[in-house]
Amino acid sequence: MFSGFFSQVTLDLVLQSNTVVFHGNEDSASSKLLFGKVILKVLERTKISSLKVISMGKTEFSFIERSKPMYSTADMNRDIHSSGKLQVLNKTEILLDGKKNKTYLDTGTYEYSFIITLPGDLPESVYSTHGSTEYSLKAVLETSSYLSCPSKQIPIYLGRIPYSGPPTFMPADGPNEIQKEFAKKLSVKLNTPSKYYAENQTIDLVADISLINPNIKILSIGARMNENIIIKSFANPDIKKDIVKLITSAKKEFKTNSKSKFLDSSEFSLELCLPQSYKDMQHDIENKTFSVSHQIHFDITIEIEGTSQNLVVSLPVLVVPNEYFSEMLSLPKYSPKIQFEKDELITPPEYSEL
């Protein structure tokens, strides 16, 4: 609870949840409601000027890129500094207006509930080294006193559950796999139980390796999950910054003389543990400023004719908010179209929180 210096009133801001997750893309998602209350503890009778709640959000970035000047034949690059700041949300809710009508609060505790509507086209929260989209909610009490105004600010997180098709259909999930053959060497089939993962989960990666050349020795296998962030300038989307971040990794090494042991089993498992906090790993998004994606890179180090080589197979995965599993998977599943008599087609209604 925040208390101003020798203030006559202390203020606390409480939210039902500081996380808001939209269902669908920016052009199709419905609005969501943010519920909360402001608690005032009045120590002595006080004249109130106003009590308001302000929801704020901004997107900003700053980066330097090396670029070759246009229309120049010289083999010389130059630094381009790109930065920008955009207010994406600025909404004020007045809970008490003592300027219109004189308002006094006697000694006691008061609670003021509020509901804030957040439009579904707001960009998702992003935290990176060169840019971010951040949101917060602030409660401010103004009194007739010369003392500082009591206030409290809470960060809020905005996420989005992606769709693989029209917004009325559930995203398709199931095993995620890819197969790749390295000519005259070996073939690899990668598999994960799901395409979707969230923070604080474990990815069980299974690799099925088949040797084509029996003289190959497998020295080690490993997997790393990278996060790829692209930041695009407001003024020119062709000016962009690419950021690659290692999220998690795992590795297994084999003894050089244990080739026969490797051939006894062609299937191997690796566990990739994802971070507990969403700030340590962003969710997959795609908007005008930020693009975030994730890939698992499976590495195989082999030895052939005394020379070591590294082979890589990549498998994309989607990182989504935890609400994908608690909200989205609890919704009823609709068929894309329902066939009725006389060839009439009826499409199920869109899902909405309102």
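**Strands, cores and aromatic pairs in a predicted model**

The secondary structure of the protein chain comprises two helices and 23 strands; helices (H or I, at least four residues) and strands (E, at least two) are DSSP runs, numbered from the N terminus. The model is predicted, and local features need pLDDT of at least 70, side-chain atom pairs count only at pLDDT 80 or more, and totals for chains, interfaces and linings use all residues. Residues are numbered from 1 along each chain as its sequence is written, and side-chain values use heavy atoms, with hydrogens and water left out.

Of the 354 residues of the protein chain, 42% count as buried. Here buried means under 20% relative accessible area, exposed over 50%, and partly exposed in between (1.4 Å probe, protein chains only). The protein chain exposes about 19,400 Å², of which carbon and sulfur atoms supply 49%. Accessible areas come from the Shrake-Rupley method with a 1.4 Å probe, and for residues only the protein chains shown count as cover. Among the contacts in the protein chain with a separation of 6 or more, 70% are between residues 24 or more positions apart; contact means heavy atoms within 4.5 Å.

In soluble globular proteins, nonpolar side chains tend to be buried together. A nonpolar core is a set of buried Ala, Val, Leu, Ile, Met, Phe, Trp, Tyr and Cys residues joined through side-chain atoms within 4.5 Å. The largest such core has 32 residues, and L186, V188, M225, F298 and I300 have the most contacts inside it. At least two residues of this core come from each of β13 (186-192), β15 (202-211), β16 (217-232), β17 (240-253), β18 (267-273), β20 (290-304) and β21 (307-319). Not counting residues up to four places away in sequence, I300 touches L186, V188, I209, I218, S220, I221, Q309, N310 and L311. A second, separate core has 29 residues, including V9, L11, I48 and L158.

The relative accessible area of N226 is 11%, so N226 is buried. With its neighbours within four places in sequence left aside, N226 is in contact with V244, K245, L246, I247, S293, H294, Q295 and H297.

Strand β10 (residues 131-143) is mostly covered, with ten of its 13 residues buried. Two strands pair if DSSP finds at least two bridges between them. Strand β9 (residues 126-127) pairs with β10 in the antiparallel sense over two bridges, and a hairpin joins β9 to β10 through three residues. In this pairing V126 stands opposite T133 in β10. Strand β11 (residues 151-161) also pairs with β10 in the antiparallel sense, over six bridges. The bridge partner of L137 in β11 is I154.

A pair of aromatic rings is described by the distance of the centres and the angle of the planes. Rings of Phe, Tyr and Trp (its six-membered ring) pair if their centres lie within 6.5 Å; planes under 30 degrees apart count as stacked, over 60 as edge-to-face and the rest as tilted. By this rule there are five aromatic pairs. The ring centres of Y196 and Y324 are 4.7 Å apart and their planes are at 20°, so this pair is stacked. Y196 is in strand β14 (residues 196-197) and Y324 in helix α2 (residues 323-326), so that the pair links distant parts of the chain, 128 residues apart. Both tyrosines, Y196 and Y324, are buried.

For F254 and F268, the ring centres are 5.5 Å apart and the planes are at 75°, so the pair is edge-to-face. F254 lies in the loop between β17 and α1 (259-264) and F268 in strand β18, so the pair ties together parts that are 14 residues apart in sequence. F254 and F268 are both buried. One aromatic cluster is formed by F61, F63 and F234.

Two loop residues have a positive phi without being glycine. K184, in the loop between β12 (176-182) and β13, has phi near 60°. K184 is exposed, with a relative accessible area of 72%. E305, in the loop between β20 and β21, has a positive phi of about 55°. E305 also counts as exposed, at 79% relative accessibility.
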